[in-house]
Amino acid sequence: MIRADLHIHSCLSPCGDLEMGPSGVIEQALKNNLTHIALADHNTTRNCEAFAVCAKKEGLGFIPGIEVTTAEEAHIVCYFNSLKKAFVFGSIIEDSLFKVPLNPEKMGEQIVINGDEEIIGEVDFYLSVASAFSVDIVVEKAMELGGFAIPAHVDKPVFSILTQLGFLPELPFSAIEFSSGFVRKNGCNHGKIDKNMQVVTSSDSHYLHTVGSAGFEIDTDSDDLFGILKELQNKKSDKIKCFAKEVRE
Ligand SMILES: [Zn+2]
Ligand SMILES: [Zn+2]
């Protein structure tokens, strides 16, 4: 059985709590019986290595990821099967951002850490801005590196592909992500989106106490979560079930 929360922010996301380092996140993930997590910081993959190192020590599956803000200001989460590919993609996205100098007091801190959880730097330009790449280019570049893409929190009134584009484009997405709030109310269904696509959810955690509170389970003997999702492109699996617990915000 796989139990995964694939949308978690670290202390590198300006809106992420400074406690969002690997040991705290992983402890919380294990407490919630997760088998896999993924990091999806805004427009960067620089903290993926620290999380990969720590997750491996604890026997927790880890997928390096990123939450890209496209030129249309839609959030798309992309995942990779190696740190190297995630770094390449992260650099491409960072290079494509409009550079606004970071003002930590107004915007939040953006801390880069290593596997020993030591601070090794910070990103001095604001990461929560739009990339110059449109949705289709982001998906294409992720696929070229062997990754896959999922539109994030499509039910939300901001930064969702539906609010920004007005429709779900015909692109090779592996699933569509609904917010945990939507899934708590409506279950693992499509709402108004008429698409033959897999629905997933996640905690979209910015704080430790929500890590693992939402995600999905897959009834399988395999632990190759990346492979299963990569295969899913525009298809559904009857083995995937979303979960979303009530948590304080
Ligand atoms: Zn988002
Ligand atoms: Zn997010």
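The dialogue below goes from the whole chain to the sheet, a helix and the core.

Modeller: This is a predicted model: local features need pLDDT of at least 70, side-chain atom pairs count only at pLDDT 80 or more, and totals for chains, interfaces and linings use all residues. Residues are numbered from 1 along each chain as its sequence is written, and chains are lettered from A and ligands numbered from 1 in the order in which they are written.

Biologist: How many helices and strands does the chain have?

Modeller: Helices (H or I, at least four residues) and strands (E, at least two) are DSSP runs, numbered from the N terminus. Here there are 8 helices and 11 strands. The radius of gyration, taken over C-alpha atoms, is 16 Å, close to the 18 Å of the globule rule (2.2 Å times the number of residues to the power 0.38) for 249 residues, so the chain is as compact as a globular protein of that length.

Biologist: In what order do the strands of the open sheet lie?

Modeller: Strands of a sheet pair through backbone hydrogen bonds, either parallel or antiparallel. Two strands count as paired if DSSP finds at least two bridges between them. In this model 7 strands form an open sheet, in the order E7-E4-E3-E2-E1-E10-E11, with mixed pairing. E7 (148-151) and E11 (240-244) are the edges, each pairing on one side only. E2 (residues 36-42) and E3 (residues 61-69) run parallel, joined by 7 bridges. One bridge pairs His-36 with Gly-61 of E3.

Biologist: Which residues of H5 are buried?

Modeller: Count C-beta atoms, placed from the backbone, within 10 Å of a residue's own: 20 or more others means buried, 12 or fewer exposed, in between partly exposed. In H5 (residues 135-144), Val-135, Val-138, Val-139 and Ala-142 are buried. Seen down the axis, they fall within an arc of 95° (taken over directions from the helix axis to the C-beta atoms), so they line one face of H5. Asp-136 and Glu-144 are exposed on the other side. Just after H5, Gly-146 has a positive phi of about 80°.

Biologist: Which residues touch the most other members of the largest nonpolar core?

Modeller: A nonpolar core is a set of buried Ala, Val, Leu, Ile, Met, Phe, Trp, Tyr and Cys residues joined through C-beta atoms within 7 Å. The largest has 65 residues, and those touching the most other members are Ile-37, Ala-38, Ile-76, Cys-78, Val-138, Ala-149 and Ala-175. Helix H2 (residues 48-57) gives the largest share, 5 residues.
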